[in-house]
Amino acid sequence: MPQSSTSFRTDPETLSSLDEIAKDMGRSRNWVLNKAIKDFIEYQQWFKKQVQEGLVAAANGEFASDEEINDLFNRFGG
């Protein structure tokens, strides 16, 4: 797949942290940036889908009962 390049501005501390992560992973800065961006995009797409599914469920009146909510809180020590 053809690739394009872009640039962005960041503070020196962030760049230093990025370079340290790349070094620890034995990867290039470019690889780490691409991985981070791909992970971010994947998460945002997943999150958007979850929100859309929740909105559809709410519009259809699909809500958890008080008992289901209490059971959930009790299960996780709430």
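**Salt bridges and a surface patch**

Mentor: Let's start with Glu-53 and Lys-49, whose side chains meet in a salt bridge at 3.1 Å, N to O. By salt bridge I mean a side-chain nitrogen of Lys or Arg within 4 Å of a carboxyl oxygen of Asp or Glu. Keep in mind that this is a predicted model: local features need pLDDT of at least 70, side-chain atom pairs count only at pLDDT 80 or more, and totals for chains, interfaces and linings use all residues. Residues are numbered from 1 along each chain as its sequence is written, and side-chain values use heavy atoms, with hydrogens and water left out.

Trainee: Where do Glu-53 and Lys-49 lie?
Mentor: Both are in helix H2, 4 residues apart, about one turn of the helix. Helices here are DSSP runs of H or I with at least four residues, and strands are E runs of at least two, numbered from the N terminus.

Trainee: How many salt bridges does a search of the whole structure find?
Mentor: It finds 3. One of them joins Asp-19 to Arg-29, with the closest N and O atoms 2.7 Å apart. Asp-19 lies in helix H1 (residues 12-25) and Arg-29 in helix H2, so this pair ties together parts that are 10 residues apart in sequence.

Trainee: And which residue does Lys-35 pair with?
Mentor: Asp-39, the closest N and O atoms being 3.1 Å apart. Lys-35 and Asp-39 both sit in helix H2, 4 residues apart, about one turn of the helix.

Trainee: New topic. Which residues make the nonpolar surface patch?
Mentor: Tyr-43, Trp-46, Phe-47, Val-51 and Leu-55 make it, and it covers about 520 Å². Patch residues have over 30% relative accessible area and no salt bridge; like charges are joined within 9 Å, nonpolar side chains (Val, Leu, Ile, Met, Phe, Trp, Tyr) within 5 Å.

Trainee: What about Leu-55, buried or exposed?
Mentor: Exposed, with a relative accessible area of 57%. Leu-55 lies in helix H2, which covers residues 29-59.

Trainee: Last one: what does the UniProt annotation cover?
Mentor: The unreviewed entry gives "domain: Ribbon-helix-helix protein CopG" for residues 6-43. Such annotations may be inferred rather than shown by experiment. Over residues 6-43 the chain is 76% helix and 0% strand, and the end C-alpha atoms are 21 Å apart.

Terms used
Areas by Shrake-Rupley, 256 points an atom, 1.4 Å probe, with all protein chains shown as cover. Buried < 20%, exposed > 50% of the residue type's maximum accessible area, 1.4 Å probe, protein only.
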